[in-house]
Amino acid sequence: MKEPTNKQIVNKIVEGIQNKKGHRIVIVDLKKLVDAPCQYFVIAEGHSSTQVAAITDEVEDFVRKELGIKPFAIDGVDNAEWVAMDYGQIFVHIFQREPRAFYDIENLWEDGKLTEIPDV
């Protein structure tokens, strides 16, 4: 089987987030930034720690099932206010509303290309 592209992985991550009703999804394309830690951020939001944890589980399971890829690491599940998932060149950030507003990652990396995905 051919290795999926980073864009294909990003698309499956977004689908996984949408499967659990994650909202305010933003893809930050960092490929043109020299000092970026990766090529893409996928940022999303859940209403509660329970929903953030469910979104995290769904992304992990869905991407593994669809593409055969597992994250290198997942951090933040214990309190599920901000979960970070490391897929190498793709970092996934799943927040509750308050921590997302506080850390404001989209604006920190606004030099990248931001794509907002409409809520479904």
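Colleague: Among contacts in the protein between residues at least 6 apart in sequence, what percentage joins residues at least 24 apart?

Modeller: The value is 61%, a contact being a pair with heavy atoms within 4.5 Å. This is a predicted model, in which local features need pLDDT of at least 70 and side-chain atom pairs count only at pLDDT 80 or more, whereas totals for chains, interfaces and linings use all residues. Residues are numbered from 1 along each chain as its sequence is written, and side-chain values use heavy atoms, with hydrogens and water left out.

Colleague: How many helices and strands are there, and in what order do the elements run?

Modeller: The protein has four helices and six strands. From the N terminus the order is α-β-β-α-β-β-β-α-α-β. The elements are DSSP runs numbered from the N terminus: helices are H or I with at least four residues, strands E with at least two.

Colleague: Why does the radius of gyration agree with a compact globule?

Modeller: For 120 residues a compact globule would have a radius near 14 Å, and the protein has 13 Å, so the two agree. The radius is taken over C-alpha atoms, and the rule is 2.2 Å times the number of residues to the power 0.38. Along the principal axes, the C-alpha atoms fill a box of roughly 35 × 35 × 25 Å.

Colleague: What makes His23 buried or exposed?

Modeller: Buried means under 20% relative accessible area, exposed over 50%, and partly exposed in between (1.4 Å probe, protein chains only). His23 has 10%, and therefore counts as buried. His23 is found in strand β1, and, leaving aside neighbours within four places in sequence, its contacts include Glu45, Arg100 and Asp119. Across the 120 residues of the protein, 44% count as buried.

Colleague: Which residues have the most contacts inside the largest nonpolar core?

Modeller: They are Ile13, Ile17, Val42, Val59, Tyr87 and Ile90, in a core of 24 residues. Such a core is a set of buried Ala, Val, Leu, Ile, Met, Phe, Trp, Tyr and Cys residues joined through side-chain atoms within 4.5 Å. Elements giving two or more residues to this core include α1 (6-19), β2 (40-45) and α2 (49-67). Beyond neighbours within four places in sequence, Ile17 is in contact with residues including Ile25, Val42 and Val59. A second, separate core of nine residues includes Val26, Cys38, Phe95 and Ile105.

Colleague: What makes Arg97 and Glu45 a salt bridge?

Modeller: The rule asks for a side-chain nitrogen of Lys or Arg within 4 Å of a carboxyl oxygen of Asp or Glu. The closest N and O atoms of Arg97 and Glu45 are 3.8 Å apart, and the pair meets that rule. Arg97 lies in helix α3 (residues 97-103) and Glu45 in strand β2, so the pair ties together parts that are 52 residues apart in sequence. Arg97 is partly exposed at 47%, whereas Glu45 is buried at 1%.

Colleague: How many salt bridges does the rule give, and which residues are joined into one network?

Modeller: The count comes to eight. One of them joins Arg100 and Glu106 at 2.3 Å, N to O; Arg100 is buried at 3%, as is Glu106 at 9%. Through shared partners, Arg24, Glu45, Arg97, Arg100 and Glu106 form one network. Asp29 and Lys31 also meet in a salt bridge, at 2.9 Å, and Lys31 is partly exposed at 44%.
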